[in-house]
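Dear colleague,

Please find below the structure that I am handing over to you.

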Amino acid sequence: SLHQVGEDSIRILTDPIDFFDTMIAMVDRFVLPPGKVSQTRSAIQNSFENLACGICFKLIQKELRLKDTDPAKPTVNDLIHYEQLVTTGHPVHPLTKYRSNISIDETLKIAPEYNNCIDIGFVAVKKEYFHCSVLDPLSLQAWLKPDIKKLLIRQLPPMSNPEDYRFIPVHSWQYRNWLKKQFGADIKEKQIIPLGHSFIKAYPSLSLRTLYVDCSEKGIFVKLPVNLQTTSYFRTVSPNATQNGVALSRIFRSIAEKHRIFREKTRFLLETEGAYYSPKPPAQMTAEDIAVSKHLGYITRQSPYEIIDPDDIPIVTIALVDHNRLTPRPVLHDFIERHTTTVGVKTIQQGALSWFKAFLDVSIEGLLTLMSRYGIGFEAHMQNTLTVVSRTTGTPNCFLLRDFGGIRVSMNRLDQIGFSNDFFPMSVTVKDAMEEVRNKLYYAYYQSVLGELVAELTSAYSIAETDLWEMAYSKSREVFTALKKDHPF
C-alpha cells in the first residue's frame with residue numbers, strides 16, 4: 001500500500017485502481033493520451049477481477065475440502081494438480097490475469113485455476129493446405145487414438161476419400177467463438193470442414209491454450225490457438241512457432257546427445273509436431289496470410305512423464321512459491337522440510353540453503369551452456385519451466401524446459417557450430433547478435449525464477465539475500481570457467 005501524505009492526514013491506498021489514478025496524476029512527465037490511460041486502467045481492473053475470482057474459487061474449494069469426508073479425491077496426475085493449483089500468473093507482470101475478448105462466465109469454463117476439463121474439436125482440411133513439421137515423420141498424429149480417427153472420418157462429407165484430408169484440433173472456445181468468424185469463406189468453399197467441437201477431453205495447463213491430453217500412459221500436451229489476450233499477447237499459434245518448435249527440438253535432441261547435463265539435469269520437453277492451415281505454401285505467405293493462419297494450427301509437446309522417474313513430481317516452477325490459498329503456505333516449504341530431513345542438517349535454514357543449491361545445480365549449467373556455447377537464450381521463467389522433485393526426499397532432481405516460442409537464437413553462433421537453419425522465414429526467434437539472447441535468459445531465469453525463490457527463502461527462513469545470490473554467482477562463475485576449457489568462441 002502507498003501512504004499518500006496530505007496536509008492533515010495519511011491515506012492508505014489498498015485498491016490498485018486507486019493507486020493507478022494517484023500515480024497518473026502525480027507523474028507529470030508522462031504525457032499519455034486519455035485513451036491510453038483509460039485502456040490501461042481498464043486492463044488493470046480486468047486483471048484484478050480475474051485474480052479475485054480465482055482467489056475466491058480457491059477459498060471456496062478449501063472450505064469444501066474441510067467438509068469433505070474424502071478430501072484426498074484423485075486428480076488427473078501431479079502434473080495437472082500443480083498446473084491448476086496456481087492462483088496468480090506471471091509473477092512480475094502487472095497484468096498477470098488480464099484476459100480480453102471473454103466474459104467472467106466464460107473464463108470460469110476454460111481457465112486452469114478453476115480445475116477445468118476442456119473439449120477439443122476438429123476440422124478437416126485438404127491435405128495440400130495442411131503444412132506440417134514433424135520431429136519423427138512416421139509419428140504424424142500418432143497421439144490420435146484409432147477410435148477418434150474413425151469418428152473424425154465418419155464426419156467427412158459422403159463419398160469423401162479420407163486420404164485427401166488432414167485433421168486439425170481446435171480448442172472448443174475457439175471452435176464456438178472464432179472459427180466461423182475467421183474462416184467463414186474457407187468453410188463455404190469446403191476448404192475447411194468443421195467436424196464438431198467435442199472429440200477429446202483435455203486439461204488446461206497454467207497456459208490456458210496448452211492442454212494436457214491423457215491419450216496414453218504418458219500423455220501429451222497440445223497447444224491450440226485461443227484468440228484471447230492474456231498478459232501482453234493474444235494466445236494464438238503462429239505458423240512460425242509450428243515450424244520453429246520442431247526445428248529447435250531437432251537441435252536440442254542433438255545437443256543432448258553431446259552433453260550429459262541435458263540428459264540428466266536440465267532437460268527438454270520436445271515439440272514433436274506442428275501444423276497449420278493455409279491455402280498458400282510458406283514461401284508465398286504474406287504478413288496478412290500468417291495473421292490468419294495463426295488462428296488454426298497446433299503444436300504437440302512431450303509430457304514430462306516420458307522422461308522423468310516414477311518417484312519424481314513435475315511441478316510448474318511458479319507453483320513452488322505461489323500463495324494458492326489451498327495450502328497453508330507455498331508448497332516449496334513442504335519440499336524443503338523433506339529435503340532437510342534427508343540431508344540431515346541441524347536447522348531448517350541450512351536445509352533451505354541446501355535445497356537452493358540443489359536447484360542451482362540442476363538449472364544453471366544447462367541454461368548457461370545453451371546460451372554461451374550454442375547462442376540459445378531460453379525464456380526459462382516460472383511458467384515455462386518445471387522443477388522436478390523427488391517425492392521421497394523433496395530434492396530437485398532435474399529442471400525441464402518447455403515452450404520454445406519465446407526463445408532467442410543467435411544464428412551466427414549456431415551456423416558456426418554447424419546446425420542448419422530450418423526456421424520459418426523472418427522469425428522473431430532468430431537474431432544475429434548475442435545481446436537479445438543474453439537478455440532473454442537474464443530476465444526470465446535470473447530475474448524471474450531466482451528472484452522469486454530468493455525473495456521467498458529470505459522471507460521464510462531469515463536468510464540474508466546476499467547469501468543466496470552469492471550461491472547463484474558462484475555457480476554461474478563455475479560454469480563459465482568450465483566452458484572456457486573447450487569453448488568454440
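Which residues lie nearest the centre of the largest pocket? They are Arg209, Tyr233, Arg235, Glu379 and Asp403, out of 48 residues that line the pocket. Please note that this is a predicted model, in which local features need pLDDT of at least 70 and side-chain atom pairs count only at pLDDT 80 or more, while totals for chains, interfaces and linings use all residues. Residues are numbered from 1 along each chain as its sequence is written, and side-chain values use heavy atoms, with hydrogens and water left out.

The pocket

A pocket is, on a 1 Å grid over the protein atoms alone, an open set of points where a 1.4 Å probe fits, with protein on both sides within 12 Å along at least five of seven lines; lining residues have an atom within 4 Å of a point. The largest pocket has a volume of about 1300 Å³ (the space filled by probe spheres set on the points, which are joined across faces, edges and corners). Strand S10 (233-235), H8, S13 and helix H15 (435-461) each give two or more residues to its lining; H8 gives the most, with four residues. Helices (H or I, at least four residues) and strands (E, at least two) are DSSP runs, numbered from the N terminus. By class, the lining has 13 nonpolar residues (Ala, Val, Leu, Ile, Met, Phe, Trp, Tyr, Cys and Pro), 13 charged (Asp, Glu, Lys and Arg) and 22 polar (the others, Gly among them).

The eight-stranded sheet

This open sheet has the order S4-S12-S13-S8-S7-S6-S3-S5, with antiparallel pairing (two strands pair if DSSP finds at least two bridges between them). Strand S4 (130-134) and strand S5 (165-171) are at the edges with a single partner strand each, so one side of each has no neighbour in the sheet. Strand S7 (residues 210-213) and strand S8 (residues 220-223) are joined by four bridges, and Tyr212 stands opposite Phe221 in S8. Helix H8 (residues 239-258) lies across S4, strand S12 (271-277) and strand S13 (297-302), at about 160 degrees to S12. Contact means heavy atoms within 4.5 Å; axes are lines fitted to C-alpha atoms, for helices over the stretch in contact, and angles run from 0 to 180 degrees between N-to-C directions.

The four-stranded sheet

A further open sheet, of mixed pairing, has the order S11-S17-S16-S14. Five bridges join S14 to the antiparallel strand S16 (residues 385-390), where Ile315 stands opposite Thr387.
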